[in-house]
Amino acid sequence: MKSTIHLLPDHVANQIAAGEVVQRPASVVKELMENALDANADDIKLIVKDGGKTLIQVVDNGSGMNEIDARMSFERHATSKIAKAEDLFQLNTKGFRGEALASIAAVAHVVLKTKPEQSDLGILLKIEGSKVVVQEPIATNKGTSISVKNLFFNIPARRKFLKSIQVEMRHIMDEFHRLALAHPAISFSLIHNGNTVYQLPKSNLIQRINNIFGGKIKEKLVPVSEETDYIKISGFIGKPEFAKRKRGEQFFFVNKRFVKSAYLNHALISAYEGLIKEKAYPSYFVYFEIDPKHIDVNIHPTKTEIKFDDEPTVYSILKVAAKHSLGQFNLSPSMDFEANPELDVPYEYRKKQPVSPKINVNPDFNPFEEDMFASKNEFKPQYYEKQLQHWDALQHETQELASKINPDDAHDEIFSTPEKFQVSDCFQLDKKYIVAKLSGELLIIHQNRAHSWVLFNTFLKQSTQGKLLPQKLIFPIELSIQKDEINLLKNHKAILEEMGFELHFTTEAIQIEAVPMSQKSLDITSFFQNLIDKLSEDVPMNKSEIQDILLDALAKKAAIKSGQVLEQVEMKTLIEDLFRLENPNFSKDGKKIFVRFNERQISYMF
Ligand code: ADP
Ligand code: MG
């Protein structure tokens, strides 16, 4: 038989690689601007026409390239940034794959002008679909200018796939914001169709944020900062009262590289629990500095995802730092907003070795165990006993912190210091509320909301410890839903699968073949309906938000209901559990869980 395997010509291989690196004009913007940063430029201009469809040009004042490097830079796997595999673990540059220029040149018309400082003349290169069509000396400034015209001119299918100028421009602005925020000490400008959109001078971070997002944002932020031997955190986070309906300015940077992380988002948002309503999104600009040997940036071709070698530690440090900063700047609802700013908060966590939340966790404890919920929502006190043993290090640390933030407020201490618990005998009102006396106050607690919230928090903790595992269903469940809803879910298939679902889509229905925990404890239909409702609101959702909906559905299904008769011990344990939470006040949907009256309030009533 004749051999059939052959090596692809370079221009074809480059076009294939381009599919990964170059998805739209914004990807080109990112790669070119990153190259300019890697070349140590301190002034970078981005010029675009028609949302980048006609032209993307980046002009920098960086190191420039000599003639040989200029030619080499368009070869695949040509990079000046790493030489050996080990260098991958010590990366200090944005690029390292040596793929971007080769990929871009395979699918566009490229003009490069570049000159190193010491040369008199620079070099001009024109490349069309991987072919060099012009190479000649040129008089030009120190640095590099690369223009990318007619993106995807030779791949009509990709070109057709580009969205409107406005949409492509929005993606370009996103990339521009990320890089400009990561490098406030570098000046950037952006010109679209001849209009200057941004002219950002060198500045400090808060000025840069202000210059990008406008006038009042400074007043809406508080600084966050933390330093341990493992990681350093700095930046700004939004005051809770300015949280927005739409997810807007949320940025994480690791070693000056913008990253997306549902996990970190979860950590940060959890610091706001009880301070913001559901569906409200605080702004944040959080910067991590960490020895590159502790991270892996190589797991995603466009490098917006990242892995830390000790994720739980990062989670806990971030959460504690954010809580501290929200507390220190006097934002907790329990605090006096006019309080004396000189009041210094005792805070002993700085420089302390981080405590991993893994410590003290019983690996055998699984709330998703069949027997827990087996007997039709029957309330199980044993569950509580188990649960009490497993408050992890993070919980303890944040509570300790919460009680330190406002040491004078004895009123609040009652609700955050577990040792002081003294729950009186309780009784049920209407089989719906629990009435109790707690530290001199009269409490009326909504039993269903209280238990749902307690369970939600327990499940959340379990899920961050990776306890949501797929379980194959013996009989797959079929959900018939509308076509557009199927598409909504399809877009989130990867996240759902990561969470432990196995889904099969047809044009009319979805088949659920595996779920993240035993089927009995989850109302699958209501979970998916809820998810579809949220997705239809057109707010993009990340994994942790989808997970929240799942855990909420799970908690609601498993929680004791209104109408259920409770024993004395059950009521007491529920109250204790509730007030061990960092934020016992409101349910997941922002509803009040209890009301309380002190002696003074009661005496007013007479
Ligand atoms: P990578 O950035 O992964 O190394 P690229 O294809 O983006 O790969 O770039 C290839 C090489 O071209 C870079 O390693 C760098 O040496 C050089 N280069 C690209 N852009 C610039 C620039 N603006 N200034 C100086 N050198 C550049
Ligand atoms: Mg690069």
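Start by selecting Phe213, Phe251, Phe253, Phe258, Phe285 and Tyr287: ring pairs tie these residues into a cluster. Keep in mind while you click around that this is a predicted model.

Now colour the aromatic rings throughout; the count comes to 18 aromatic pairs. For one of them, pick phenylalanine 252 and tyrosine 284, a tilted pair with 4.6 Å centre to centre and 35° between the planes.

Next, jump to phenylalanine 527 and phenylalanine 528, which make an edge-to-face pair: 4.9 Å centre to centre, 65° between the planes. Buried or exposed, what is phenylalanine 527? Phenylalanine 527 counts as buried because its relative accessibility is 0%. Phenylalanine 528 is buried as well, at a relative accessible area of 1%.

For a charge next to a ring, select lysine 163, which lies over the face of phenylalanine 161, 5.5 Å from the ring centre.

Then go for the largest nonpolar core, which has 59 residues. Highlight Leu32, Met33, Ile44, Leu46, Val148, Phe176 and Phe188, the residues with the most contacts inside it. This core takes at least three residues from each of domain 1 (10–202) and domain 2 (211–328). Zoom in on phenylalanine 176: leaving aside neighbours within four places in sequence, it contacts Met33, Leu46, Phe188, Ser189, Leu190, Tyr198 and Leu200.

Last stop: another core of 31 residues lies apart from that one, and includes Ala243, Ile290, Phe308 and Ile317.

Note on methods
Residues are numbered from 1 along each chain as its sequence is written. Chains are lettered from A and ligands numbered from 1 in the order in which they are written. This is a predicted model: local features need pLDDT of at least 70, side-chain atom pairs count only at pLDDT 80 or more; totals for chains, interfaces and linings use all residues. Side-chain values use heavy atoms; hydrogens and water are left out. Rings of Phe, Tyr and Trp (its six-membered ring) pair if their centres lie within 6.5 Å; planes under 30 degrees apart count as stacked, over 60 as edge-to-face and the rest as tilted. Buried means under 20% relative accessible area, exposed over 50%, partly exposed in between (1.4 Å probe, protein chains only). A charge sits over a ring if NZ of Lys or CZ of Arg is within 6 Å of the ring centre and within 35 degrees of the ring normal. A nonpolar core is a set of buried Ala, Val, Leu, Ile, Met, Phe, Trp, Tyr and Cys residues joined through side-chain atoms within 4.5 Å. Domain bounds come from an automatic or database domain assignment. Contact means heavy atoms within 4.5 Å.
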